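Please consider the model shown below together with its sequence. The report treats confidence, a helix pair and a sheet in turn.

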Amino acid sequence: MYPIDTQDGLFHDGNGINELGTVLPASWLNQVQAELIAILTAARIKPEKATQNQVITAIKMLIASSAPAAATADIAGVTKIIDSLNSNDKFSALSARQGKVLNDSKLDKDGTAKTADTASRLKTVRKINGVPFDGSMDINATPVGAVHYFAIDWAPTGWLKANGAAISRTAYANLFAALGTRFGAGDGKTTFNLPDLRGEFIRAYDNGRGVDPWRGNGSWQGDAIRNITGRISVARRGGGDFMVQEGALYHSSSFNAKIKIGDNDDWGSVVSFDASRIVPIANENRPRNIALLACIKI
């Protein structure tokens, strides 16, 4: 509305001596009245002489009626703020706090998952190597008692060297439940022995097939070869050298062996031979191989 028609546009009380108070012309008062009635009219309120709060009531009604509509996917408007990650409301905005929860749980730049304070388990249970996994606790994906070989000199976390050591039955209760005293009873009370695989080849358990019978799983077996039988001998008769093998007579010209000749015309001797002249030898029978560290899962 238009301000009062004074030099500074303000009302003055006057001092009763040399300054008069501001005169309120009917035009200004009529304008004030018209402005106030216009507010009531806009709110559809009929002016009443005995009611003192019609203007404020009208203002509140006008504000309420002119509030923007709720926002949609296509129309701007008032948006509801929610503080939950479980809502299905597609027209509500997420609170800053829940946005932080999501940020804290996202993958870091190196691909590792940050800790999500609100996440304690997976929504759907999964299985790892047949073991149920919901994220609420650690699991051993490799079964207890499994034996693996490593190209390192130490046992990785969750493994022990398969070196026959005596270990605690309580500290390694799961492994003791799987092995028992199959590889040794330790002190007979508080410990048990691991399998000792150092320097050994592994042979699959026969388990009733009959190729390697009468053995238990985990039992040790010494080295052996198939039996070899035969006889080789030589003889000299009348100046000629001959070899007799299993009753057959051969002239020495077909026998590629170094034989010591005696002084007498008639003599006999056993022929010796040495395999090291032809093949590599050792104090054991073995194939080509590579050494790796044997460890057992705990």
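The following sections describe selected features of this predicted model.

## Basis and confidence

Residues are numbered from 1 along each chain as its sequence is written. In this predicted model, local features need pLDDT of at least 70 and side-chain atom pairs count only at pLDDT 80 or more, while totals for chains, interfaces and linings use all residues; side-chain values use heavy atoms, without hydrogens and water.

The average pLDDT (the predictor's confidence in each residue, from 0 to 100) of the chain is 82, and 81% of the residues score at least 70. Residues 244-261 fall below 50, and this stretch has 30 contacts (heavy atoms within 4.5 Å) in the model beyond near neighbours in sequence. Where pLDDT is low, the predicted coordinates should not be read in detail.

## The α1/α2 helix pair

Helices (H or I, at least four residues) and strands (E, at least two) are DSSP runs, numbered from the N terminus. Helix α1 (residues 26-42) packs against helix α2 (residues 54-65) at an angle of about 50°, and their axes are 8 Å apart. Axes are lines fitted to C-alpha atoms, for helices over the stretch in contact, and angles run from 0 to 180 degrees between N-to-C directions.

On the α1 side, the contact is made by Leu36, Ile39, Leu40 and Ala42; α2 contributes Gln54, Val55, Ala58, Ile59 and Leu62.

Three strands form an open sheet in the order β5-β13-β6, with antiparallel pairing (at least two DSSP bridges between two strands). Because β5 (147-150) and β6 (159-161) are edge strands with a single partner each, one side of each has no neighbour in the sheet. The twist from one strand to the next averages 40°.

Strand β13 (residues 293-297) runs antiparallel to β5, and four bridges join them. His148 stands opposite Cys295 in β13.
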